[in-house]
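Here is a short report for a first look at this structure. Keep the sequence at hand while reading.

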Amino acid sequence: MDRLAIVILNWNGREMLGKYLPVLMKCSLADGVSIVVADNSSTDGSMEMVSRDFSGIRQIRLDRNYGFAEGYNLALRQVEAEYYLLLNSDVEVTEGWIEPLLAYMDGHPEVAAAQPKLLDYNRRDCFEYAGASGGYMDKWGYMFCRGRIMNSVEVDSGQYDDVSELFWATGAALMIRSRDYWNAGGLDGRFFAHQEEIDLCWRLRSRGRKIVCLPQSVVYHVGGATLDRENPYKTFLNFRNNLLLLYKNLPEDRLGNVMLVRFFLDNMAMLMFVLQLKFRDAGAVLRARREFRRLRHSFDDSRRGNLSASTCRDISEIAGFSILWKYYFGGVRRYSDLHFR
């Protein structure tokens, strides 16, 4: 069994694999570390290229596109390792990125998962939107990061270089104990893509396990390699999956109030998209809410299971304020100005 398996889930990412695999191989040479490319039935010649140019890398070929969540579940069932590291194909790693992650996880058995500091590949002195230096959630289910609040991304000047406990770690570069991954049920394949790692992290935190960011490990993320942030389908997935993860994980005494507030906030989001003439995004929010209503009760068993397994009701990394209020009415643009932790 490997100590660490770095697993890249690929779908039509031939260009990204060709560009970033050589760096990954160079910077990840260590005893007990393996690299696996799992493929969601690509049609762009990705795996043929891997076979030709990277013959030492193990391949797992899935029979169709299962999406991010179920694709990883199916692939990881075929991987034996103490730790998994889920890595996007559009991530450039750096020299020495593996050692801090392994050392910290080895020395802190209470920690289930960790992420490196995520910087922007195209603006290398800035944090990257998808995870920055670790993620949190506000009282209404909106996510923010050390280094990114809403669409405001900070320049990295070392202000978040301390190890910090998180609510969620980015799926772009997520290291997790295999035992914790499966004990918590893995990623939820019904999400397909987007926010599935947050759902998994919530389950881990509610079971008393910890999640951290280790900024001593640095990677650069291109972002938007599969779906651009402005893509209406991404809008649909983010709104739908956010509602689903709230339904799956919120304690009973908070669920009704949060869902009522989200009904009004989501309608406000639709109105803002209309005023910006982004009609497809407005339609995506409407479809997301309809799909949530249709799917909600199919998650009832998962909800009961999550609540019954919970040993940590009050999670300190869930903020007691509204990040929307802080951002739009309080003028807060930097995590350090939140005075959150």
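## A loop residue, a strand and a cavity

Gln78 sits in the loop between helix H3 (67-76) and strand S4 (81-87). Helices (H or I, at least four residues) and strands (E, at least two) are DSSP runs, numbered from the N terminus. The model is predicted: local features need pLDDT of at least 70, side-chain atom pairs count only at pLDDT 80 or more, and totals for chains, interfaces and linings use all residues. Residues are numbered from 1 along each chain as its sequence is written, and side-chain values use heavy atoms, with hydrogens and water left out.

Gln78 is partly exposed, at a relative accessible area of 42%. The classes are buried (under 20% relative accessible area), exposed (over 50%) and partly exposed in between, with a 1.4 Å probe and protein chains only. Contact means heavy atoms within 4.5 Å. Leaving aside neighbours within four places in sequence, Gln78 is in contact with Arg58, Ile60 and Leu62. Val274 lies 196 residues from Gln78 in sequence and 46 Å from Gln78 in space, C-alpha to C-alpha.

**Strand S13**

Strand S13 covers residues 210-221. Ten of its twelve residues are buried, so S13 is largely enclosed by the rest of the structure. Two strands pair if DSSP finds at least two bridges between them. The table lists pairings of S13.

| Partner strand | Sense | Bridges to S13 |
|---|---|---|
| S5 (residues 91-93) | antiparallel | three bridges |
| S6 (residues 111-120) | parallel | nine bridges |
| S11 (residues 164-165) | antiparallel | two bridges |

Glu92 has Tyr220 as its bridge partner in S13. Lys117 stands opposite Val218 in S13. Glu165 stands opposite Val212 in S13.

**The cavity**

Where is space left inside? Rolling a probe the size of a water molecule over the atoms shows where empty space is left. A cavity is a set of points, on a 1 Å grid over the protein atoms alone, where a 1.4 Å probe fits but cannot get out; lining residues have an atom within 4 Å of a point. Grid points are joined across faces, edges and corners, and a volume is the space filled by probe spheres set on the points.

The count comes to one cavity of 30 Å³ or more. The largest cavity has a volume of about 40 Å³. Its lining is made of Ile8, Tyr20, Leu21, Leu24, Leu87, Asn88, Ser89 and Val91. Helix H1 (residues 14-27) gives the most to this lining, with three residues.

Technical notes:
On a 1 Å grid over the protein atoms alone, a cavity is a set of points where a 1.4 Å probe fits but cannot get out, and a pocket is an open set with protein on both sides within 12 Å along at least five of seven lines; lining residues have an atom within 4 Å of a point.
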